[in-house]
Amino acid sequence: MNHAKMIVDKDFKISQIDKRVYGSFIEHLGRAVYTGIYEPGHPTADKNGFRQDVLNLVKELQVPIVRYPGGNFVSGYQWEDGVGPREKRPARLELAWRTLETNQFGLNEFADWCKLANTDYMMAVNLGTRGIPEALALLEYCNHPSGTAWSDLRVKHGYQAPHNIRTWCLGNEMDGPWQIGHKTATEYGRLAAETAKAMKMIDPTIELVSCGSSNSKMPTFPDWESETLSHTYDYVDFISMHQYYGNRDNDSANFLACSLEMDAFIKTVISTCDYIKAKKRSNKTLNLSFDEWNVWFHSNADSDDQMANRPWTVAPPILEDNYNFEDALVVGCLLITLLKHADRVKMACLAQLVNVIAPIMTDAGGKAWKQTIFYPYLHASVYGRGVSLQPILESPKYDCKSFTDVPYIESAVTYNEEAGEVTIFAVNRSLTDGISLSCDLRSFSDVKLIEHITLENDDLKAVNSSACEKVAPSHSNATKVDDGKLETMLNKASWNVIRLSVK
């Protein structure tokens, strides 16, 4: 039998976990907004048109921050179209996804929705087709109390108190040739720096996110980070990271190892940030916002067909991946990787939240339901609070197409001292064998098992639907704790959450 060993010590601290690492993303894309979070006339809709069944699932996930309104959408967006009386809002051709945007849902509606969802708001400004004046107008509208043209317009629209949005993204994926208003690194760096300086003149308390590379395969990566940060480093608080993963070759062993690529991506961006820090003789350490990440590949062909052959429709079904069980395992591995870098990754957004490559799906006029990836996201968000610890792990390893020395066991550990809980997150990547795990927890006192939650299925391609939930958590009875030592079995191809009470 394969065996793994782990030591967990309360003094082996990586960092306090910023809860915003469990953030998500809503873009005006496909059915994320319309028939997603907003559907007037739905049986569960409130007076604002917000679906309560969706809100309840978002609150169950305890999502701490949501990025809005894009994404590629933001690079052609005129935010003024989405405020004021609905009957006066113009419909626009939306170029990023080739749809018709009715603007019946805008930033004030989203601010209202965030309050009901118990989440904060991460606002993106358009630096594709617009620039400094429009970004300043938006900030003034959202955050200035009153007494100016834009803040008084917000008051006129029924919002006496400012929204006080603290986190702002300076554009989106500006290195991508697909982006409306695509820019070179120098062009973007200069524009973002000047926008950041001006925005902080209005509100010095805001946090700003500079655009990093759209993914690690971009030909300009990591030169983009180096060049843009040479302009923005002194004025921003984060640099963004985006990456999606897929299994187009149907190679499950390779797919389950893709979190190693995420790990390498994070390390490279950290190194680049620290190079600019050294180059500038700066005392400031720049943190990372991994504000787009997920599995995404199932829906690509259908979405491309939709945009090419049936454009300019309202809320078409675009990018609606139907996630299977192995996708959930990969999402678990990616969440573990983010926790391993809690010292520098302070924000992250699972992209997206509803319908569009999302953990939550809806039927228009019908029910909301949980995709397979809902569960590792839920467990990490709810139980992965406190301090991220560095476990010392010995695991058997394997080689695959793209990676060597892949540990079969991928694990992260969190310690919530206030709650008196330690949580071990672990994925067994083996497709054939269970692996026994011995864990030394003797640095803690009075260790007791609360529960061992598992997600497993004999069919890697099993999916959930509105009619049937084939992949859902269960509980294992295989875990024993005695005198500070834990013994358990991690079944083949499984996601595991082992919760322990400690003193």
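Trainee: What should I know about the model before we start?

Mentor: This is a predicted model, where local features need pLDDT of at least 70, side-chain atom pairs count only at pLDDT 80 or more, and totals for chains, interfaces and linings use all residues. Residues are numbered from 1 along each chain as its sequence is written, and side-chain values use heavy atoms, with hydrogens and water left out.

Trainee: Why are α10 and α11 called roughly parallel?

Mentor: Their axes cross at roughly 25 degrees and come within 8 Å. Axes are lines fitted to C-alpha atoms, for helices over the stretch in contact, and angles run from 0 to 180 degrees between N-to-C directions. Angles under 35 degrees count as roughly parallel, over 145 as roughly antiparallel, 65 to 115 as roughly perpendicular and the rest as oblique, so α10 and α11 are roughly parallel to each other.

Trainee: Which residues make that contact?

Mentor: Ala328, Val331, Gly332 and Leu335 come from α10, and Pro376, Tyr377 and Ala380 from α11; contact means heavy atoms within 4.5 Å.

Trainee: How many residues of each class does the contact hold?

Mentor: There are six nonpolar residues, one polar and no charged. Ala, Val, Leu, Ile, Met, Phe, Trp, Tyr, Cys and Pro count as nonpolar, Asp, Glu, Lys and Arg as charged, and the others, Gly among them, as polar.

Trainee: What makes β15 and β19 a pair?

Mentor: Two strands pair if DSSP finds at least two bridges between them. Strands β15 (residues 387-389) and β19 (residues 409-416) are joined by three bridges and run antiparallel, so they meet that condition. Valine 387, for instance, has tyrosine 415 in β19 as its bridge partner.

Trainee: Where do these two strands sit?

Mentor: They belong to an open sheet of seven strands, ordered β2-β15-β19-β20-β26-β22-β23, with antiparallel pairing. Its edge strands are β2 (13-16) and β23 (474-475), each pairing on one side only.

Trainee: Why are β16 and β24 edge strands in the other sheet?

Mentor: That open sheet has five strands in the order β16-β1-β21-β25-β24, with mixed pairing. Both β16 (392-394) and β24 (480-482) have a single partner strand, so one side of each is left without a neighbour in the sheet. Inside this order, β21 (residues 435-440) and β25 (residues 485-490) run antiparallel, joined by six bridges.

Trainee: Are the residues of β4 buried or exposed?

Mentor: Ile65 and Arg67 point one way, Val66 and Tyr68 the other way, and all are buried, meaning under 20% relative accessible area, with exposed over 50% and partly exposed in between (1.4 Å probe, protein chains only).

Methods
Helices (H or I, at least four residues) and strands (E, at least two) are DSSP runs, numbered from the N terminus.
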